[in-house]
Amino acid sequence: MAFFSAAIAFVSSFASSIVSSVSGMLSTALPRIATVLGNTENWGVLSNIVSAVARIFGAFTPQETVEDMGNRTLQGAEDGIRPENFDSWDEYVARIRAVELKPELSERFTLEEKTSAGLAMAVRAMEEKLDLPNGALVGLPLLAALNPDYFNAERLAGLLRTTHDIVSVVEYVDGKLGTTDGRSVEDILLRTGQQLEPGKTGPQLRADLDAVVDRIQRPEQA
């Protein structure tokens with residue numbers, strides 16, 4: 001099992017290789033995502049959030065979901081349909097969308113495997129849509145996994161309309177930014193919060209954000 005510890009090793013080496021092929025940087029974030037999520041229900045919640053954000057930015061069609069795209073990605077890879085075998089991302093995605101799903105393979109791949117591959121597709125597709133380098137948005141699913149109530153689809157979409165530096169947002173909630181950079185990210189998060197919840201005061205929005213950051217940095221006290 002390529003990127004999970006023995007305790008949570010439920011993604012095959014085949015699925016891991018496909019995730020790395022589609023979005024190499026996401027594969028480095030998946031161990032933490034898997035640890036935070038734990039049970040199957042939480043994977044479904046994450047899938048719904050990222051699916052919604054991908055649809056908002058036109059990376060997914062209205063009918064597409066993380067799980068479905070992950071299933072197609074894995075089944076396509078069985079027949080050699082991988083990003084490295086195409087001249088462009090658009091050609092690859094078009095071929096993935098044309099994959100005829102086989103029920104026996106859909107049953108063979110686990111929800112976690114399909115979701116992992118689908119997250120890679122969603123992240124890479126959004127990066128392509130927004131003309132960002134590969135790996136720029138790998139923090140989106142991590143933020144949603146860390147606190148899906150706060151980092152829901154609406155807030156993540158709002159963040160993306162304000163900044164593409166999602167890496168710094170992750171570093172902020174992890175307490176890894178210095179004072180100046182931290183205040184800059186904090187301002188972005190508070191402005192996004194004000195747009196989503198105009199009825200709340202500045203102190204209320206700050207209290208909400210502080211509580212979220214505290215729970216992320218001290219999960220044992222949550």
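Predicted model: local features only at pLDDT ≥ 70, side-chain atom pairs only at ≥ 80, totals over all residues.
**Close-up 1**

**Close-up 2. Helix H7 from end to end, residues 111–129.** Count along H7 and you get 19 residues. From its first C-alpha to its last, the helix reaches 26 Å, which is close to the 27 Å expected at 1.5 Å a residue. How many of the residues of H7 are buried? The count is 16 of the 19, so H7 is largely enclosed by the rest of the structure.

**Close-up 3. Ser 47 and the residues it touches.** Ser 47 has its place in helix H3, which covers residues 40–56. Is Ser 47 buried or exposed? With a relative accessible area of 6%, Ser 47 is buried, because anything under 20% counts as buried. Leaving aside residues up to four places away in sequence, Ser 47 touches Val 66, Glu 67 and Thr 115.

**Close-up 4. Where helices H1 and H2 cross.** Here H1 (residues 13–22) meets H2 (residues 24–37): their axes come within 5 Å and cross at roughly 130°. The two helices are therefore oblique to each other. Sort the contact residues of H1 with H2 by class and you find three nonpolar, three polar and no charged ones.

How values were computed
Residues numbered from 1 in each chain as written. Heavy atoms only, no water. Axes fitted to C-alpha atoms, helices over the stretch in contact; angles between N-to-C directions. Helix = DSSP H or I, 4+ residues; strand = E, 2+ residues; numbered from the N terminus. Parallel < 35°, antiparallel > 145°, perpendicular 65-115°, else oblique. Nonpolar A, V, L, I, M, F, W, Y, C, P; charged D, E, K, R; others polar. Expected span 1.5 Å × (residues − 1). Buried < 20%, exposed > 50% of the residue type's maximum accessible area, 1.4 Å probe, protein only. Contact = heavy atoms within 4.5 Å.
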